[in-house]
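Please open the model in your viewer and keep the selection tool at hand. The tour goes from one selection to the next and says what is there at each stop.

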Amino acid sequence: MDIRCRKTECKYNDRYTCMAKGILIDKQVLCSTYEDSGREKKDVTKSLFEEVPNYAPQRDSKTMAIDCCTNCLFNKEGKCVSNGITVNAIAEKPFCVSYLKK
């Protein structure tokens, strides 16, 4: 599973890869694991098509628990079964853009 996060100011974000031990997507489709690190927020939307972001290596999803509490197509008994998830940077809140309503 590819786990990407565009919330660069999150303490678990390492070059757009989530390094948290687990992720919880709540009923509002927000990443409840998100914690502000105090780092400056980068606006990655301006350079989205100009340069390739420096991504950290892909994480093995077997070492990460991804819990989901929302009515999503990928939610199977409270666990995310998607091939990958991405948390959005554009909105103020850490929204799971991989969400597909059932």
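Begin with the second largest cavity, which holds about 70 Å³ of space; a cavity here is a set of points, on a 1 Å grid over the protein atoms alone, where a 1.4 Å probe fits but cannot get out, and its lining residues have an atom within 4 Å of a point. Grid points are joined across faces, edges and corners, and the volume is the space filled by probe spheres set on the points. To display its lining, select Ile25, Ile66, Cys68, Thr70, Cys72, Phe74, Cys80, Ser82, Ile85, Cys96, Ser98 and Tyr99. By class this lining has 9 nonpolar, 3 polar and no charged residues, where Ala, Val, Leu, Ile, Met, Phe, Trp, Tyr, Cys and Pro count as nonpolar, Asp, Glu, Lys and Arg as charged, and the others, Gly among them, as polar.

The model is a predicted one, in which local features need pLDDT of at least 70 and side-chain atom pairs count only at pLDDT 80 or more, while totals for chains, interfaces and linings use all residues. Residues are numbered from 1 along each chain as its sequence is written, and side-chain values use heavy atoms, with hydrogens and water left out.

Next, move to the largest cavity, with a volume of about 100 Å³. Of the 13 residues that line this cavity, select Cys5, Cys10, Cys18, Cys31 and Val87, which lie nearest its centre. The lining as a whole has 9 nonpolar, 2 polar and 2 charged residues.

Keep Cys18 selected and show its contacts (heavy atoms within 4.5 Å): leaving aside neighbours within four places in sequence, Cys18 touches Ile3, Tyr12, Ile23, Arg59 and Met64.

Finally, select Asn88, in the segment after strand S8 (84-87). Is Asn88 buried or exposed? Asn88 counts as buried because its relative accessibility is 14%, and, apart from neighbours within four places in sequence, Asn88 is in contact with Arg6, Lys7, Lys93, Pro94, Phe95 and Val97.

Terms used. On a 1 Å grid over the protein atoms alone, a cavity is a set of points where a 1.4 Å probe fits but cannot get out, and a pocket is an open set with protein on both sides within 12 Å along at least five of seven lines; lining residues have an atom within 4 Å of a point. Helices (H or I, at least four residues) and strands (E, at least two) are DSSP runs, numbered from the N terminus. Buried means under 20% relative accessible area, exposed over 50%, partly exposed in between (1.4 Å probe, protein chains only).
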